[in-house]
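Subject: Structure handover

Hello,

Please find the structure below. My notes on what was found in it follow.

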Amino acid sequence: EGLGGSTVFRNRMNGVGWTISGQLGGVKWVGPKTHTFNALVPVEKYFDDHPEYFAEIEGKRRREYDGLMVQMCLTNPDVLRIATESARGWLGPHVKTEPENKYVISVTVNDSPFFCKCAECVAVNRQEGVTEGGTKMRFVNAIANRMAEEYPHVAVETMLYHTELPKKTRPVANVLI
């Protein structure tokens, strides 16, 4: 019973020291667990050639601000394409061969409050009635929708970290907040 016992098994959850076997339909994390934006579109790989992939702050695209990593520009279609490809890359062949399991990938902001303030990002957040969070929810939903097409048993986890839940756009069915 310790560490969750029957509750863990009933809810098909994995624990710190054990994993439910595939035959029982466990839930498995795939890829990095949190603050994954930089893992999805690494600033080290893309900034020099594509600063437009990263946050515009005070009129300038930035690699970092005030000593902290910035977020991505979530309205840039290339950022969505690259992030989706990166997330797909975290899914190994077992995701297709073990459909009885549920899989979770994390699409979460960097550990930083510095979001893109380009005209498009500001406009989306304004449409959504929030200071930050509209662009992120649309971005996460877009990745989740693309994942659902090929991997119906993959969920996309995100956080409201430094963001708000938008007033209009709601998480799609396979998004976990």
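E85 and R81 both sit in helix α4 (residues 77–90), 4 residues apart, or about one turn of the helix. Helices here are DSSP runs of H or I with at least four residues, strands are DSSP runs of E with at least two, and both are numbered from the N terminus. E85 and R81 form a salt bridge, with their closest N and O atoms 3.5 Å apart. The term salt bridge stands for a side-chain nitrogen of Lys or Arg within 4 Å of a carboxyl oxygen of Asp or Glu. Side chains of opposite charge can pair when their charged atoms come close.

Before the rest, a word on where the values come from. This is a predicted model, in which local features need pLDDT of at least 70 and side-chain atom pairs count only at pLDDT 80 or more, while totals for chains, interfaces and linings use all residues. Residues are numbered from 1 along each chain as its sequence is written, and side-chain values use heavy atoms, with hydrogens and water left out.

Salt bridges

How many salt bridges does a search of the whole structure find? The search finds 8. E85 and R81 also belong to a network of salt bridges that links them with D78. E85 counts as partly exposed because its relative accessibility is 45%, and R81 counts as partly exposed at 41%. For these words, buried means under 20% relative accessible area, exposed means over 50%, and partly exposed is in between (1.4 Å probe, protein chains only).

A second salt bridge joins E150 to R88, the closest N and O atoms being 3.3 Å apart. This pair links distant parts of the chain, since E150 is in helix α7 and R88 in helix α4, 62 residues apart. E150 has a relative accessible area of 35% and is therefore partly exposed. R88, with 28%, is partly exposed too.

In another salt bridge, the side chains of R138 and E128 meet at 2.9 Å, N to O. R138 belongs to helix α7 and E128 to the loop between α6 and α7, 10 residues apart. Is each partner buried or exposed, or in between? R138 is partly exposed, because its relative accessibility is 33%. E128 has a relative accessible area of 1%, so E128 is buried.

Helix α6 (residues 119–127) and helix α7 (residues 134–150) pack at an angle of about 95°, and their axes are 7 Å apart. The axes are lines fitted to C-alpha atoms, for helices over the stretch in contact, and angles run from 0 to 180 degrees between N-to-C directions. The two helices are therefore roughly perpendicular to each other; that label covers 65 to 115 degrees, whereas under 35 is roughly parallel, over 145 roughly antiparallel and the rest oblique.

Contact means heavy atoms within 4.5 Å. The residues of this contact divide into 2 nonpolar, 4 polar and 1 charged. Ala, Val, Leu, Ile, Met, Phe, Trp, Tyr, Cys and Pro count as nonpolar, Asp, Glu, Lys and Arg as charged, and the others, Gly among them, as polar.

Two buried residues

L80 lies in helix α4 and is buried, because its relative accessibility is 16%. Not counting residues up to four places away in sequence, L80 touches F139, A142, I143 and R146. L80 and I143 are 63 residues apart in sequence, but 7.4 Å apart in space, C-alpha to C-alpha.

V140 is in helix α7. With a relative accessible area of 0%, V140 is buried. Leaving out residues up to four places away in sequence, V140 touches V107, V156, T158 and V175.

An open sheet of 4 strands has the order β1-β6-β7-β8, with parallel pairing. Two strands pair if DSSP finds at least two bridges between them. β1 (27–29) and β8 (175–176) stand at the edges with a single partner strand each, so one side of each has no neighbour in the sheet. Strand β7 (residues 154–157) runs parallel to β8, and 2 bridges join them. E157 has L176 in β8 as its bridge partner.

The whole chain

The chain has 7 helices and 8 strands. Of its 177 residues, 45% are buried.

Regards
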